[in-house]
Amino acid sequence: KKFNYKVFGSDLQQIREIEIEDPWLELSVKEIKKENTLIVENILFETNKSALTNEAKAILNKVVYALKQNIKINVEIKAHTDNIGSDASNLKLSNERALEVKKYLIQNGVLESNISTKGLGESQPLNSCGENCSAEEHAKNRRVEFILKKH
């Protein structure tokens, strides 16, 4: 027999909160609604490093799960940095970070043929504070975007 779990009202509210906060949960259950779906994640990296932290891996595990459930989806990984350091070093760092994310996805069962990467350095900040950014504003610009496309 199958196990049948009846959701209580209080549990339902918690499930809805998770569903609202986690676009990967929705993706793993349903098809992509638009041709190009953008999901932005704050993948955490140490300053000037491309190695994935445990927190980043926890986020990427959701990505792995969703992409393995939807093998007809291609994903473009776009990595961004803050504006601390030179343009050239930030571009190199963002490429390394995008490749680390790709490597992790492949190691965990996502098809390599479904993944592309692009490092954009500091060229597309989410805010316009420039050199006067607070630590929080810098952190907002250090992000990984996943562009999902049907193939």
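At 8% relative accessibility, N114 counts as buried (buried is under 20% relative accessible area, exposed over 50%, and partly exposed in between, with a 1.4 Å probe and protein chains only). The model is predicted: local features need pLDDT of at least 70, side-chain atom pairs count only at pLDDT 80 or more, and totals for chains, interfaces and linings use all residues. Residues are numbered from 1 along each chain as its sequence is written, and side-chain values use heavy atoms, with hydrogens and water left out.

View A. Helices (H or I, at least four residues) and strands (E, at least two) are DSSP runs, numbered from the N terminus. Beyond its neighbours within four places in sequence, N114 is in contact with I71, I73, N74, V75 and H151 (contact means heavy atoms within 4.5 Å). A polar atom of the N114 side chain lies 3.4 Å from the backbone oxygen of I73. The C-alpha atoms of N114 and E76 are separated by 8.3 Å, the two residues being 38 residues apart along the chain.

**View B. Salt bridge between R142 and D82.** A salt bridge is a side-chain nitrogen of Lys or Arg within 4 Å of a carboxyl oxygen of Asp or Glu, and a search of the whole structure finds five of them. In the pair shown, the closest N and O atoms of R142 and D82 are 2.5 Å apart. The pair links distant parts of the chain, 60 residues apart: R142 belongs to the loop between α5 (135-141) and β4 (144-150), and D82 to the loop between β2 (73-79) and α4 (87-107). R142 counts as partly exposed because its relative accessibility is 27%, whereas D82, at 8%, counts as buried.

**View C. Salt bridge between E96 and K92.** The side chains of E96 and K92 meet at 3.0 Å, N to O. Both residues lie in helix α4, four residues apart, about one turn of the helix. E96 has a relative accessible area of 30% and is therefore partly exposed; K92, with 55%, is exposed.

**View D. Salt bridge between K103 and E100.** The N to O distance between the side chains of K103 and E100 is 3.7 Å. K103 and E100 also lie in helix α4, three residues apart, about one turn of the helix. K103 is partly exposed at 41% relative accessibility, and E100 is partly exposed with a relative accessible area of 24%.

Technical notes:
A polar contact is a pair of N or O atoms within 3.5 Å; within protein, one must be able to donate a hydrogen and the other to accept it, and residues adjacent in sequence count only if both atoms are side-chain atoms.
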